[in-house]
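Biologist: I am new to this structure. Please pick one part, look at it closely, and then link it to the rest of the chain.

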Amino acid sequence: MFAINHAATAWIFKRRLEDVSLVALLLSVQAMEFAWVALNYLGVEHTTTEPIVRYVGDIHLAYMPYSHSVLTALGAALLAWSMGVLAGRARLGAILGFALLSHLLLDLLTHNGDIALGPYRDAPKYGTFLYGRLAPLAFLVELAYGLVCWWIFRGSRTLLAIVVGFNLANISEFFRSIPGPEDALAGRPLTLVTVILVQIVITMWAVWWGAAKVPTDVESNRDENMSHAERLSGLGFVER
């Protein structure tokens, strides 16, 4: 799943657990992706592309058994919980562990069978192949998921614009007929990794910034409603 929707997942946890830092949740939901970026830069994991990149199905996450495997994610989640227990904050550790696991679950929902069971040779791989076979459907799934995150969080119009805007910014990667900058990434896997890293950072900041504005937006809407009621009252439309 693309960066904006992974980041939006933090809103779900934040809505249910308001005492947990949104920054910690954002780092947790994107921890696997940060690991993927680092391991690609180090040459441990590899990404390849078709000679011409027209859409997301032409990009292949060829080898990422350490950052994006089922057993690795489960182990990292268990580690997060264990550290929480040792620190006397088992609940926080469990929350961050579940946030970390959310990344794996969302990738399984869309990826092209590149999520390995574990970091070992010939491990079976999983994924729905939506990116490769039904990319337009994948776009709708991603957009719908982002909107669900926004709805659960009871987000403002600012957050709605963030979710819709960033998803639409990726639309050319799902529809081959829509021209976009994807072809510039053909044969340049590390450039692709860098672009994704930039997307991760920007969307994390946008999700955090937009959420920080929620109280202001709500208060502003309340003021507008009160002002409107007062005007109606002054015109005799509302009983005093």
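Modeller: The protein chain has ten helices and four strands. Both are DSSP runs, numbered from the N terminus: helices are H or I with at least four residues, strands are E with at least two. From the N terminus on, the order is α-α-α-β-β-α-α-β-β-α-α-α-α-α.

This is a predicted model, in which local features need pLDDT of at least 70 and side-chain atom pairs count only at pLDDT 80 or more, while totals for chains, interfaces and linings use all residues. Residues are numbered from 1 along each chain as its sequence is written, and side-chain values use heavy atoms, with hydrogens and water left out.

Some totals come next. Of the 240 residues, 44% count as buried. Buried means under 20% relative accessible area, exposed means over 50%, and partly exposed lies in between (1.4 Å probe, protein chains only). The accessible surface of the chain is about 12600 Å², and 67% of that belongs to carbon and sulfur atoms. Such areas come from the Shrake-Rupley method with a 1.4 Å probe; for residues, only the protein chains shown count as cover. Among contacts between residues at least 6 apart in sequence, 65% join residues at least 24 apart. A contact means heavy atoms within 4.5 Å.

Now the part to look at: helix H9, residues 189-212. Start at the surface. Val23, Leu27, Trp205, Trp208 and Trp209 form a nonpolar patch there, with about 520 Å² of accessible area together. Patch residues have over 30% relative accessible area and no salt bridge; nonpolar side chains (Val, Leu, Ile, Met, Phe, Trp, Tyr) are joined within 5 Å, like charges within 9 Å. H9 gives the most to this patch, with three residues. Tryptophan 205 is found in H9. Helix H2 (22-29) also supplies at least two patch residues.

The largest nonpolar core has 58 residues. H9 supplies the largest share of this core, eight residues. A nonpolar core is a set of buried Ala, Val, Leu, Ile, Met, Phe, Trp, Tyr and Cys residues joined through side-chain atoms within 4.5 Å. Those with the most contacts inside this core are Trp11, Leu25, Leu26, Trp36, Tyr131 and Phe174. Take Trp36. Beyond four places in sequence, Trp36 touches residues including Leu61, Met64, Val193 and Ile196.

Glutamate 173 is buried yet has no salt bridge. A salt bridge is a side-chain nitrogen of Lys or Arg within 4 Å of a carboxyl oxygen of Asp or Glu. The nearest side chain of opposite charge, arginine 176, is 12 Å away. Lys and Arg count as positive, Asp and Glu as negative; His and the chain ends are not counted. Leaving aside neighbours within four places, glutamate 173 is in contact with Phe2, Tyr55, Val56, Glu182 and Gln199.

What about salt bridges elsewhere? The whole structure has two. Arginine 91 pairs with aspartate 19, the closest N and O atoms being 3.1 Å apart. Arginine 91 sits in helix H5 (residues 90-110) and aspartate 19 in the loop between helix H1 (3-16) and H2, so the pair ties together parts 72 residues apart in sequence. Arginine 91 is partly exposed, at 47% relative accessibility. Aspartate 19 is exposed, at 57%. Aspartate 58 and arginine 54 also meet in a salt bridge (3.4 Å, N to O). Aspartate 58 counts as buried, at 6% relative accessibility, whereas arginine 54 is partly exposed, at 42%.
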